[in-house]
Amino acid sequence: MILALGFFKRKCELLAFEIARSQKHPAEWEKKGSSLFTTKNITQYPELIRFTNRFLNKIERCGGHVIYVGIRKSASSDEHDSQALYRAVLRETIKRVDQYCARIVLKKLA
């Protein structure tokens, strides 16, 4: 919970301009990772990388893990089925977590 609150606070600080411009509550406002982690943004805003590294390190120190699951959309944005995309990403995420847990169990049994 503390990690989530810390992330939310930094999101509000680092992206305040865009959040304010959207006129949405910060908890409802989202920015796609592919829009945030561009070459231009990484070069122009070194705090973005510093924050990301600190956040990932904190997750690791808490015993957590980070996985990335992405699926390339072949259809145009107005043609793709967002629910099918979410299901596919969720299915792949569950598969990867299951594989990770199976490796941990096998290590403990060995």
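Trainee: How do the residues of the lining of the largest pocket divide into nonpolar, polar and charged?

Mentor: Bear in mind that this is a predicted model. The lining has 18 nonpolar residues, seven polar and nine charged. The pocket holds about 1,400 Å³ of space. It has 34 lining residues, and Lys31, Lys32, Gly33, Ser34 and Leu36 are the closest to its centre.

Trainee: Which helix gives the most to that lining?

Mentor: That's α5, with six residues. Among the helices that each supply at least two are also α1 (2-14), α2 (16-22), α3 (33-36) and α6 (82-109).

Trainee: Let's stay with α5, then. Which of its residues are buried, and which are exposed on the other side?

Mentor: Start with the general idea: an α-helix has 3.6 residues a turn, so residues three or four places apart point the same way. Now the case here: Leu48, Phe51, Thr52 and Ile59 of α5 are buried. Looking down the axis of α5, you find these buried residues within an arc of 100 degrees, so they line one face of the helix. Glu60 and Arg61 are exposed on the other side.

Trainee: What covers the buried residues of α5?

Mentor: The cover includes α1, α3 and α4 (39-44).

Trainee: What span should α5 have, going by its residues?

Mentor: Take 1.5 Å a residue: the 16 residues of α5 should span 22 Å, and the end C-alpha atoms are 23 Å apart, which agrees.

How values were computed. Residues are numbered from 1 along each chain as its sequence is written. This is a predicted model: local features need pLDDT of at least 70, side-chain atom pairs count only at pLDDT 80 or more; totals for chains, interfaces and linings use all residues. Side-chain values use heavy atoms; hydrogens and water are left out. On a 1 Å grid over the protein atoms alone, a cavity is a set of points where a 1.4 Å probe fits but cannot get out, and a pocket is an open set with protein on both sides within 12 Å along at least five of seven lines; lining residues have an atom within 4 Å of a point. Grid points are joined across faces, edges and corners, and a volume is the space filled by probe spheres set on the points. Helices (H or I, at least four residues) and strands (E, at least two) are DSSP runs, numbered from the N terminus. Ala, Val, Leu, Ile, Met, Phe, Trp, Tyr, Cys and Pro count as nonpolar, Asp, Glu, Lys and Arg as charged, and the others, Gly among them, as polar. The expected span of a helix is 1.5 Å times one less than its number of residues. Buried means under 20% relative accessible area, exposed over 50%, partly exposed in between (1.4 Å probe, protein chains only). The arc is that of the directions from the helix axis to the C-beta atoms. Contact means heavy atoms within 4.5 Å.
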